[in-house]
Amino acid sequence: MDADVPGTVLKRERTRDAVLELIESRSPGDAIPSERALCSLLGVSRPTVRAAVDELVAAGLLVREHGRGMFVAPAKITQELVAGDLSLTVPQAAGAWSSRLLEFTTLQAGARVGRKLRMSPAAEIVYVARLRLVDGAPMAIEHLHIRAELVPGLSAQELESGDLYEHLRATHGVHVHEAVQAIEPTVVTRAEAKLLDVPELSPALLFERLTSDTSGHPVEYVHSLYRGDRYRIVSRLALGPAAEVAPDREGHHPGIPPGDFAHGDAITSSTRGDIQTGA
């Protein structure tokens with residue numbers, strides 16, 4: 001791992017990904033290297049490694065055992081929610097959404113992101129970290145990993161206005177088609193708490209999404225952290241046939257802020273996200 005990669009958000013992200021790579025290459029109960037060994041292996045400071053490990057322990061992916069070390073946590077139970085109609089045009093969300101860029105750079109995909117995007121670890125991606133706000137209040141932190149060849153000339157202004165998919169569609173003829181997304185509870189780290197203006201270890205929702213185009217090729221991998229006190233998921237399950245009704249326009253797909261699918265592309269979906277009105 002390159003210890004000279006600029007930007008603290010990116011350094012934390014790359015450290016977290018490197019430790020995740022170790023976890024995913026092992027089985028539940030297997031040991032991983034100590035924090036001291038990880039510092040040497042990854043070429044980063046002890047606080048950076050500890051922050052990444054603390055985050056993964058809080059997320060239930062690592063287990064610390066006093067006097068023994070760190071171990072891969074038991075596998076999580078996964079339940080898939082399925083709706084009767086899998087095609088959803090994402091409506092506009094409540095409130096005025098905006099973005100503030102935290103980091104914007106081009107770098108090599110690395111092993112983990114490269115595997116998710118089905119590309120060489122040495123191939124380039126555009127990495128973006130941005131803070132999403134609703135009516136000026138911080139709502140989520142997003143980490144985007146986009147195949148660089150799809151977005152030549154992508155500007156910070158396009159991302160701040162939430163027009164990534166419009167840019168892909170209008171400029172490069174890339175139409176996003178399907179978003180496969182996992183959602184799980186977690187808590188925020190100290191750095192995340194500062195950005196989201198919440199106490200450390202506050203509850204949050206972690207979204208991981210892989211978006212593909214109409215040919216089934218991966219376009220982007222995103223993981224996002226949404227405030228647990230301001231965001232909730234509502235699932236609508238089709239239990240039997242019903243008359244056709246107009247789509248609900250009061251929410252948007254969880255984890256995908258409104259600007260990103262504002263022009264009618266359909267995605268695979270079974271849930272809907274709502275903004276809580278209380279802080």
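**Exercises: helices and a sheet in a predicted model**

Helix H4 lies across E5, E6, E7, strand E9 (203–213) and strand E10 (218–227), and H4 runs at about 115 degrees to E10. This is a predicted model, where local features need pLDDT of at least 70 and side-chain atom pairs count only at pLDDT 80 or more. Residues are numbered from 1 along each chain, and side-chain values use heavy atoms, without hydrogens and water.

**Exercise 1.** Find how helix H1 and helix H4 pack.

*Solution.* Step one: take the axes, which are lines fitted to C-alpha atoms, over the stretch in contact for helices. H1 (residues 8–24) and H4 (residues 110–117) pack at about 75 degrees, with axes 8 Å apart. Step two: name the angle. H1 is therefore roughly perpendicular to H4 (65 to 115 degrees). Step three: list the contacts (heavy atoms within 4.5 Å). Residues of H1, including Arg14, Asp17 and Leu20, meet residues of H4, among them Arg112 and Val113.

**Exercise 2.** Which residues of helix H2 are buried, and which are exposed?

*Solution.* Step one: in H2 (residues 35–42), Glu35, Leu38, Cys39 and Leu42 are buried (under 20% relative accessible area). Step two: these cover an arc of only 105 degrees around the axis, so they sit on the same side of H2. The arc uses directions from the helix axis to the C-beta atoms. Step three: on the other side, Arg36, Ser40 and Leu41 are exposed (over 50%).

**Exercise 3.** Give the strand order of the open sheet of six strands.

*Solution.* Step one: the order is E5-E6-E7-E10-E9-E8, with antiparallel pairing (at least two DSSP bridges between two strands). Step two: E5 (97–108) and E8 (176–187) stand at the edges, each with a single partner strand.

Definitions and conventions
Axes are lines fitted to C-alpha atoms, for helices over the stretch in contact, and angles run from 0 to 180 degrees between N-to-C directions. Helices (H or I, at least four residues) and strands (E, at least two) are DSSP runs, numbered from the N terminus. Angles under 35 degrees count as roughly parallel, over 145 as roughly antiparallel, 65 to 115 as roughly perpendicular and the rest as oblique. Buried means under 20% relative accessible area, exposed over 50%, partly exposed in between (1.4 Å probe, protein chains only).
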